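Dear colleague,

Please find below the structure for your review. My findings follow directly after it.

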Amino acid sequence: MTDLIQLMHSAIIFGTVIMLGAVGEIITEKAGHLNLGVPGIMYIGGISGLVASFFYENSVAEPSGVISVILSLTATIIGSGLAGLLYGFLTVTLRTNQNVTGLTLTIMGGGIANFFGGMLSKYAGGVGKISTDAASSAYRAYFTPLTGNSTSNPLYAIFGYGWMTYVAIALAVAAHLILKRTRVGLGLRAVGENPATADAAGINVSKYKYVAIIIGSVISGLGGLYYTMDYVYGTWIIDGNIEALGWLAVALVIFTTWKPIGAIWGAYLFGVLYWSYLYIPGLTRQSQEIFKMLPYVVTLGVLIVVSLRKKKENLPPDHLGLPYFREER
Amino acid sequence: MSVSKKKHTEPLLRVVKYEGMSRSRRWLVRLIAVLASLIVSGILIVLLAGINPIKVYGTMIRASFGSSRLVWNLLRDTSTLLLLGVGLAPAFAMRFWNIGAEGQMLVGGIATAFCMKYFTGMPTFLLIIVMVLASLIAGALWGLLPGIFKAFWNTNETLFTLMMNYIAIQFTAFMVAQWEVGVGNNTVGVINPDGHEGWLPGLFTSAFNKDYGINVLLVLAVTVAMFIYLRYSKHGYEISVIGDSVNTARYAGINVKKVYIRTMVLSGAVCGLAGFLAVSGVSHSISTSTAGGRGFTAIIVAWLAKFNTFSMIAIAALLCFLDQGALEIASSCNVNTYVSKIITGVILFFLLAGEFFTMYRIKVRGKH
């Protein structure tokens, strides 16, 4: 039982990182933009928040958790929003190739984040010495009256998380409702499926694309912040983990067949798949590596099945990856 | 009552298509983009590290051309990156987004390392040929799969090849754990450190890792061959027709499915060969970072070169030069090596944005 609670707990924390990444990417892809810069954006989101919290907490004697949270949240939103703006300017206005632009953003985002992360580590006095305790504990605080103090309490598997875990779920639900039930969502889907038709219907295609890309980036960036604050407890480790999780978020988008609601359980499922090797007895290190392959193999399977069945609502947006130039018909 | 009529004016700036820009002008635009990016990254270096940028560029030039060893290092890295770009060229030319060079290179590397480990009894020359073939086949298989699915079921190849990368990375992690030297070490170490079986020798000396002449010659041969294949062969023609329009190709009687599969096998095989170069020719070892993101960088190289394998030489060399230079700056000025990724990113963004000005023109209101 304790094992099961532990597995659920680590799976949900793991899942929340990629859920945020994936929900952001779904919104971007619905506008017809395949943003392969998600890992880079998550990197930028993570480091922006960490830097803000670190400098605040180092300059005040008694750092307040709330202020540190607000500062890091603001920094993440600005940082990942700017990254989205850069990607949007290049792909929407300058019509550069989306794959290439996204990959460049991933290279640069990783560079920026690890550069500042490394500098910060040096400044703090060594690897793993960065501490943003006030912020990290404020992010990770959960409602103890409900769960008690024991981590083996079954309620701990449901309520034992920081508040951003629930914000992630709320964002996924909100994205679903907006896409499915509002005019704006309909417009956005039209832009992704057929921008020329949307344009003829009076929708400002560029505006929709910009807004979707920037909002999507900010949500993905929050995934990076969640990683630094909740997953690694408010520090910076240069190990390429954020990049791996970022690609997993891109995989999750395919896995959910572009549905934000699916990203919730899909993300948790990926988390279970990722961590289950710890709870299966008798695994060697070799077979653990094979286990970590599972999320990608499963995603590939979904991609294949979806393309075999060709059900319209499961296919990628029709104009995914293609630039739109009004004068080119 | 007067009805106010909304006045429509031409927008202040608008974008129009610009056909037929001359070759020299296109390169001029690119040159301006590189210069602009160097200025911006110079400013960034000053802000981030507080070092004089002119000194920085001096250091960078010395880092690549300071000694013959450094020049060989530059040639070595350039040739590997170039080979990957050349491998991607045929797929990209038919608008097939092969994002999977990273994985194709890794499986090629694993196949090479496998032969290196288990076929030590063979004579060196034969062993190297077997290794080359193994890496080609492994890469081809990794490319074949997305090719088949694209051809028959129109499965999105970008996402397919992207997933194949991570399957390859985990497979490499598995093989590394399988072959690790020392329990829990998680590294394969140098394979055949004593007998040097399967190590690619130098061209001018028989010593290893002194010169990389064979690497360079091999890659140049593939580059020229690919250029001829794409430009002058029937296959190359079919590829470019599909790249322009799949429907036209079908109407012209080209077997699109066959071309998709054939081209992806070729593309994967060449990327697999890059894995051979990295393992047999450079590191004599294998790890999950054997490809080290170069499979992704090569995508950018191939795209910027517009699939022209000769233009790729210049772009690959520029990127490797920057990388080597930035590493030197990082160590000599005691800043983090990731500064090289930032500079690479800035330059690529400028080059990408520069492409816009080779294809479109901005018109100001009223001027024609």
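In this predicted model, chain B has an average pLDDT of 87, and 97% of its residues score at least 70. Within chain B, confidence is lowest in strand E1 (residues 13–17), with a mean of 77, whereas helix H4 (residues 101–118) has the highest, at 95. For the model as a whole, the ipTM is 0.88 and the pTM is 0.90.

I then examined how chain B meets chain A. The contact involves 38 residues of chain B and 41 residues of chain A. On the chain B side, helices H5 (124–153), H6 (157–179), H11 (294–304) and H13 (339–359) each supply at least two residues. H6(B) gives the most to this side, with 13 residues. By class, the side of chain B that touches chain A comprises 26 nonpolar, nine polar and three charged residues.

Within chain B, one helix pair deserves a description. Helix H3 (residues 68–93) of chain B packs with helix H7 (residues 213–232) of chain B at an angle of about 20°, and their axes are 9 Å apart. H3(B) is therefore roughly parallel to H7(B). The crossing of H3(B) with H7(B) is left-handed. Residues of H3(B) in this contact include Leu75(B), Arg76(B), Ser79(B), Leu82(B) and Val86(B); among those that they meet in H7(B) are Asn215(B), Val219(B), Thr223(B), Met226(B) and Leu230(B). Across the contact of H3(B) with H7(B), twelve residues are nonpolar, three are polar and one is charged.

With kind regards

Definitions and conventions: Residues numbered from 1 in each chain as written. Chains lettered and ligands numbered in written order. Predicted model: local features only at pLDDT ≥ 70, side-chain atom pairs only at ≥ 80, totals over all residues. Axes fitted to C-alpha atoms, helices over the stretch in contact; angles between N-to-C directions. Helix = DSSP H or I, 4+ residues; strand = E, 2+ residues; numbered from the N terminus. Parallel < 35°, antiparallel > 145°, perpendicular 65-115°, else oblique. Left-handed = near helix turned anticlockwise from the far one by under 90°. Contact = placed C-beta atoms within 7 Å. Nonpolar A, V, L, I, M, F, W, Y, C, P; charged D, E, K, R; others polar. pLDDT = per-residue confidence, 0-100.
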